[in-house]
Amino acid sequence: MIKKTILLLITVLALTGACRPKTAFSENNAISAAVASTLAALPQPTVQPTYTPYPTFTPDAPPLEGLFCEYEFCIGHPPETAFFDARDAKNPSIYSEGMLASYRPDLFSLLIWQPSNGTDDPQFMLNIIMEEGLDTREGNLDVNLLGDLTTFFSPIETSATEVLPTGGVAAWICGDRAFAWKIYAPTAEIAQHIFDEAMNKFRCIP
């Protein structure tokens, strides 16, 4: 099982503060610290951002923007965000277990993984990544087959932040690892769209 420590954050927001739980993701201490510390650092927008057009992508040469590849897997992410290791530098993410976070003023996402221990049902990861007392699943659990991956997705409501009241959680198995993903977003529709785009680019090397 995974031992955690949290949190290093990017220097742009000059965040410090980390805690070092000694137990696995199931206790949620590291996840709670990552979410709380990152959301506390989110700047509050003072003006409505203007639309910035982005160049269209040529199908034969897609850019690396919006694609994270490390730890022997790749996953998509929105523009103007970047995943960073949310674990302590003394116990960083590795192939078998890890935690990544990304944010911008209107989005916060978290990705965790750990050994699947032979199971082909990733639903236990949904309970791990959700914040007890803060995140509540809404609607039905959406099960989809994407290539050879079976994904489980559910919209959520959250009281973790007033700015981002909704979002989504998801889980899947790839090779010998179980993955879980969570996003806080302005609307459930945005959360669903980002998950679909992220998983369209997902692949792993078991």
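Me: How many nonpolar, polar and charged residues are in the lining of the largest cavity?

Reply: This is a predicted model. The residues that line the largest cavity include Phe83, Trp181, Ile183 and Ile194, and Ser102, Ser109 and His77 are also among them. Sorted by class, the lining has 6 nonpolar, 4 polar and no charged residues.

Me: Which elements each supply at least two residues of that lining?

Reply: Gly76, Pro78 and Ala198 are also among the residues that line the largest cavity. The elements that each supply at least two residues of the lining are β10 and α3.

Me: What is the volume of the largest cavity?

Reply: The structure holds 1 cavity of 30 Å³ or more. The volume of the largest cavity is about 40 Å³.

Me: Which residues have the most contacts inside the largest nonpolar core?

Reply: The largest nonpolar core has 25 residues. Those with the most contacts inside this core are Phe73, Ile75, Leu111, Trp172, Trp181 and Phe202.

Me: Which element supplies the largest share of this core?

Reply: Several elements each supply at least two residues of the core, among them the strands β2 (73–76), β5 (107–115) and β8 (149–158). The strands β9 (166–174) and β10 (177–185) and the helix α3 (188–200) also each supply at least two. The largest share, 5 residues, comes from α3.

Me: With which residues is Trp181 in contact, leaving aside its neighbours within four places in sequence?

Reply: Trp181 is one of the residues with the most contacts inside the largest core, and Trp181 also lines the largest cavity. Leaving aside neighbours within four places in sequence, the contacts of Trp181 are Ile75, Leu110, Leu111, Ile129, Phe153, Gly168, Val169, Ala170, Trp172, Ala191, Ile194 and Phe195.

Me: How many residues are in the second, separate core?

Reply: Phe84, Met125, Leu164 and Ala180 are included in this second core. The number of residues in the second core is 22.

Me: Is the disulfide of Cys69 and Cys74 right-handed or left-handed?

Reply: The sulfur atoms of Cys69 and Cys74 are 2.0 Å apart, and a disulfide joins the two residues. The torsion about their S-S bond is about 120 degrees, so this disulfide is right-handed.

Me: How many residues apart are Cys174 and Cys204?

Reply: Cys174 and Cys204 form a disulfide, with 1.7 Å between their sulfur atoms. Both are buried, Cys174 with a relative accessible area of 8% and Cys204 with 15%. The pair links distant parts of the chain, since Cys174 is in strand β9 and Cys204 is in strand β11 (residues 203–204), and the two are 30 residues apart.

Me: What is the pairing of the bonded cysteines, numbered in sequence order?

Reply: The structure holds 2 disulfides. One joins Cys69 to Cys74, and Cys174 and Cys204 form another. In sequence order, the pairing is 1-2, 3-4.

Me: What separates the C-alpha atoms of Pro155 and Gly168?

Reply: Pro155 is found in strand β8 and is partly exposed, with a relative accessible area of 25%. Among the residues in contact with Pro155 are Thr136, Arg137, Gly167 and Gly168. Pro155 and Gly168 are 13 residues apart along the chain, and their C-alpha atoms are separated by 4.2 Å.

Notes:
Residues numbered from 1 in each chain as written. Predicted model: local features only at pLDDT ≥ 70, side-chain atom pairs only at ≥ 80, totals over all residues. Heavy atoms only, no water. Core = buried A, V, L, I, M, F, W, Y, C linked by side-chain atoms within 4.5 Å. Buried < 20%, exposed > 50% of the residue type's maximum accessible area, 1.4 Å probe, protein only. Helix = DSSP H or I, 4+ residues; strand = E, 2+ residues; numbered from the N terminus. Contact = heavy atoms within 4.5 Å. Disulfide = S-S within 2.5 Å. 1 Å grid on protein atoms, 1.4 Å probe; cavity = no way out; pocket = protein on both sides within 12 Å on 5 of 7 lines; lining within 4 Å. Points joined across faces, edges and corners; volume = space filled by probe spheres on them. Nonpolar A, V, L, I, M, F, W, Y, C, P; charged D, E, K, R; others polar.
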